[in-house]
Amino acid sequence: MTAVVRETSAGGADLLGEVLAPLRLEGVFASRWTVRAPWGLRGDQERNAILHYVHSGECAITMPGGADPIMLRAGELAIFPYGGAHELADRPGRATTPLDLLLPGRPAGSTTELRVDGPGPVTELLCGGLHYDEAAVSPLYRALPEVLVLDREMLAVEPLLAGTLRELADGTRDGAPGSGLVALRAFELVFVLALRVALGRLGETSPALRALRDPAIGRALLAIQTRYAEPWTLESLAREANMSRSAFATAFRRLVGEAPAAHLAGRRMREAARLLTETAVPLGTLHERVGYRSGVGFHLAFRRHFGVPPGEYRRARTARG
């Protein structure tokens with residue numbers, strides 16, 4: 001095991017798992033691209049985690065807002081944790097075609113091939129979109145960088161990640177029995193391993209990644225994620241982090257982007273929504289399951305968070321399902 005993986009395990013692998021587990025990845029859309037220059041594609045904001053892996057050749061990633069383009073070369077991976085809008089092209093500044101025109105719909109469970117002919121160099125890409133439950137996304141996850149790029153050196157420290165990417169890009173087993181489920185699990189594995197590598201190697205580039213790595217704030221975050229029903233206060237969370245109250249509150253807000261009380265309330269609301277959607281727990285006892293002493297207080301907090309009372313939320317989700 002390499003030093004990078006050990007660092008990641010010490011700095012927040014359990015917390016990373018707790019942040020990712022509620023996403024409930026539901027399906028994957030995969031595509032393999034063989035494109036010859038000149039080419040350019042534009043993808044809008046999606047409710048998916050998106051990844052692009054360059055099997056051969058290279059491409060340029062351009063984000064909205066005027067940031068410098070990112071060159072992605074053979075053996076490198078880019079992940080968009082919450083599906084940010086971006087352009088892919090053989091070089092920056094190329095005219096682009098909306099992806100929806102070439103690959104409309106992109107339903108979960110499907111795999112397609114995309115070819116663009118041209119006179120220039122060829123690039124082979126593996127692209128995937130992982131569908132997840134948006135209601136389960138935590139603020140810490142949303143605070144991850146819009147795009148994470150793992151170069152060949154980073155992938156080299158995670159042979160399982162690099163090997164899985166190569167197998168997915170090769171695509172020779174697409175027609176085998178159970179291939180859809182295998183692809184979903186393989187993309188899930190890629191997603192989690194890639195974030196683990198990013199946590200170890202890119203931890204200083206983002207407050208959210210620093211929060212996941214920080215031993216003190218990480219302990220408090222893990223407590224909120226896993227023990228949300230306990231009667232936490234600012235003082236008790238600060239003790240969990242082994243910090244003074246003021247230092248903890250300042251560091252937590254700086255790294256996580258919101259106050260500890262707000263983060264705890266959001267975690268309780270997401271768990272309440274899960275229980276309403278996936279279980280038959282009675283409404284009268286739901287508040288106790290998520291850490292509220294008063295049913296009235298929980299009812300008001302839930303309505304402020306979701307815009308509807310718990311009973312109406314359950315009925316709407318049941319009807320939709």
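**Briefing: helix H9, the sheets and the overall fold**

In helix H9 (residues 234–241), the buried residues are Ser-236, Leu-237, Ala-238 and Ala-241. The model is predicted. The protein chain contains 14 helices and eleven strands. Its radius of gyration is 21 Å, close to the 20 Å that the globule rule gives for 321 residues, so the chain is as compact as a globular protein of that length.

**Helix H9 and its surroundings**

- Helix H8 (215–226), helix H10 (245–256) and helix H11 (260–278) are the elements against which the buried residues of H9 pack.

**Strand S3 and its partners**

- Strand S3 spans residues 48–56 and is mostly covered, with eight of its nine residues buried.
- Strand S10 (residues 122–131) pairs with S3 in the antiparallel sense, and eight bridges join the two.
- Within this pairing, Ile-50 has Gly-129 of S10 as its bridge partner.
- S3 also pairs with strand S6 (residues 77–80), again in the antiparallel sense, over four bridges.
- Leu-77 in S6 is the residue that stands opposite Tyr-53.
- In a regular strand, side chains alternate between the two faces of the sheet.

**The five-stranded open sheet**

- Five strands form an open sheet in the order S5-S4-S7-S2-S8, and the pairing is mixed.
- Strand S5 (70–73) and strand S8 (97–98) are at the edges with a single partner strand each, so one side of each has no neighbour in the sheet.
- Inside that order, strand S2 (residues 40–43) and strand S7 (residues 86–89) pair in the antiparallel sense over four bridges.
- Arg-42 has Glu-87 in S7 as its bridge partner.

**Dimensions, burial and contacts**

- The C-alpha trace of the protein chain spans about 70 × 45 × 40 Å along its principal axes.
- Of the 321 residues in the chain, 49% count as buried.
- Among contacts in the protein chain with a separation of 6 or more, 77% come from residues 24 or more positions apart.

**Surface and charge**

- The protein chain has an accessible surface of about 15,100 Å², and carbon and sulfur atoms account for 54% of that surface.
- Its side chains include 38 positive and 35 negative ones, and the centres of these two sets lie 6 Å apart.

Definitions and conventions:
Residues are numbered from 1 along each chain as its sequence is written. This is a predicted model: local features need pLDDT of at least 70, side-chain atom pairs count only at pLDDT 80 or more; totals for chains, interfaces and linings use all residues. Side-chain values use heavy atoms; hydrogens and water are left out. The radius of gyration is taken over C-alpha atoms; the globule rule is 2.2 Å times the number of residues to the power 0.38. Buried means under 20% relative accessible area, exposed over 50%, partly exposed in between (1.4 Å probe, protein chains only). Contact means heavy atoms within 4.5 Å. Accessible areas come from the Shrake-Rupley method with a 1.4 Å probe; for residues, only the protein chains shown count as cover. Lys and Arg count as positive and Asp and Glu as negative; His and the chain ends are not counted. The place of a charge is taken as NZ of Lys, CZ of Arg, CG of Asp or CD of Glu. Two strands pair if DSSP finds at least two bridges between them.
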